[in-house]
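Subject: Structure handover

Hello,

Here is the structure I promised you. Please open it before you read on.

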Amino acid sequence: MNKVAIITGGGRGIGAATSLLLAAKGYAVCINYVKNQPAAESVAARITEAGGSAMTFQADVSAEDEVQALFEAAQQRLGRVTHLVNNAGILFTQSALADISPERFQKVLNANVMSAFLCSKAFIHQAEGAGAIVNVSSAAARTGSPFEYIDYAASKGAMDSMTKGLSIELAARNIRVNSVRPGFIHTDMHADGGEPRRVERLAPQIPLKRGGTPEEVAQAIVWLLSDEASYVTGSFIDVAGGR
Ligand code: NAP
């Protein structure tokens, strides 16, 4: 079976590391992005230069028609989609809940949970035979992110519930659904939260005394997608340095 993976938000950070590792393992990858085309193109170029198969596709994965277009394009160019990484995610400036606007709360839920719902649904409708989904959640689902981003933490908590429920709905079709919950990882996301050096500041509080790399998270995602994890579904791997 040809392995074809869509990685939402696959052009930067954890998504980029996952796209590169999947391609190195022989998957044809569809790298989705919403704004940063150059980043996505550069990941695709690295893959094709190394002899792999990759395409990029611009889509806001919180919009149903754009998700539809993403799956159609991937299927047309690479074949039926067999693996999905729901990785796209956003957060906003660190704030207490009392200072979070309803508009911001809604935006975070749309980008982080609606996207995973829409992409999972599109994946299920076109899937034939075995397959796998990995949802990129966060340790925030466990901690609640007080004084920082309860909206973000709540979106990841919702994602975890979806992982559990969907894993059972799809088990009889041999489609596995799992989650990776990263802790503090060195990516651009922390700058969006208003503190580019957040991981460095918090490193002393992490049992392993450092932030993680996108590549370390990608290893867990790629393992869960692989046949080596064939008896694993509805599971959560924390990649959080012991936190
Ligand atoms: P990042 O470097 O900021 O990358 C986020 C990616 O999501 C970008 O590629 C972005 O696309 C994409 N994206 C955002 N909204 C989108 C939308 N509506 N449609 C399509 N793509 C969208 O962040 P990251 O740290 O790698 O985060 C990846 C995932 O890991 C997220 O779900 C995040 O919540 C989770 N996570 C990260 C950490 C951490 O410490 N970094 C910890 C726990 C969990 P563009 O490139 O086009 O902007």
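Below are my notes, from the whole protein down to single residues.

This is a predicted model, so a few ground rules apply: local features need pLDDT of at least 70, side-chain atom pairs count only at pLDDT 80 or more, and totals for chains, interfaces and linings use all residues. Residues are numbered from 1 along each chain as its sequence is written, and side-chain values use heavy atoms, with hydrogens and water left out.

**The whole protein**

The protein has 9 helices and 7 strands. Its radius of gyration is 17 Å, close to the 18 Å from the globule rule for 243 residues, so the protein is as compact as a globular protein of that length. That radius is taken over C-alpha atoms, and the rule is 2.2 Å times the number of residues to the power 0.38. Helices (H or I, at least four residues) and strands (E, at least two) are DSSP runs, numbered from the N terminus.

The C-alpha trace spans about 45 × 40 × 35 Å along its principal axes. Of the 243 residues, 52% are buried. Buried means under 20% relative accessible area, exposed means over 50%, and partly exposed is in between (1.4 Å probe, protein chains only).

The protein exposes about 11,100 Å². Carbon and sulfur atoms supply 53% of that area. Accessible areas come from the Shrake-Rupley method with a 1.4 Å probe; for residues, only the protein chains shown count as cover.

Now the contacts, meaning heavy atoms within 4.5 Å. Take those with a separation of 6 or more: residues 24 or more positions apart account for 73% of them.

**The second largest pocket**

What is the volume of the second largest pocket? It is about 150 Å³. A pocket is found on a 1 Å grid over the protein atoms alone: it is an open set of points where a 1.4 Å probe fits, with protein on both sides within 12 Å along at least five of seven lines. Grid points are joined across faces, edges and corners, and the volume is the space filled by probe spheres set on the points.

Lining residues have an atom within 4 Å of a point. Here they include Glu64, Phe71, Leu118, Lys121 and His125. Helix H3 (64-78) and helix H4 (102-126) each supply at least two residues of the lining. H3 gives the largest share, 6 residues. The lining divides into 4 nonpolar, 4 polar and 3 charged residues. Nonpolar covers Ala, Val, Leu, Ile, Met, Phe, Trp, Tyr, Cys and Pro; charged covers Asp, Glu, Lys and Arg; the others, Gly among them, are polar.

Lysine 121 sits in helix H4. This lysine 121 is partly exposed, at 38% relative accessible area. Its C-alpha atom is 22 Å from that of alanine 141, 20 residues apart along the chain.

Alanine 73 is in helix H3. At 13% relative accessibility, alanine 73 counts as buried. Apart from neighbours within four places in sequence, alanine 73 is in contact with Met55 and Phe57. Alanine 73 and cysteine 30 are 43 residues apart in sequence, yet 9.0 Å apart C-alpha to C-alpha.

Aspartate 160 belongs to helix H6 (residues 150-171). With 10% relative accessibility, aspartate 160 is buried too. Which residues does aspartate 160 touch, not counting those up to four places away in sequence? They are Ser137, Ala141, Ser179, Arg181 and Phe236.

**Loop residues**

Most residues other than glycine have a negative phi. Two residues to look up have a positive one.

Phenylalanine 147 has a phi of about 65°. Phenylalanine 147 lies in the loop between helix H5 (140-143) and H6. Its relative accessible area is 69%, so phenylalanine 147 is exposed.

Asparagine 174 has a phi near 60°. Its place is the loop between H6 and strand S6 (175-182). Asparagine 174 is partly exposed, at 43% relative accessible area.

Is proline 204 buried or exposed? Proline 204 is exposed, with 51% relative accessible area. Proline 204 and valine 61 are 143 residues apart in sequence and 35 Å apart in space, C-alpha to C-alpha.

Best wishes
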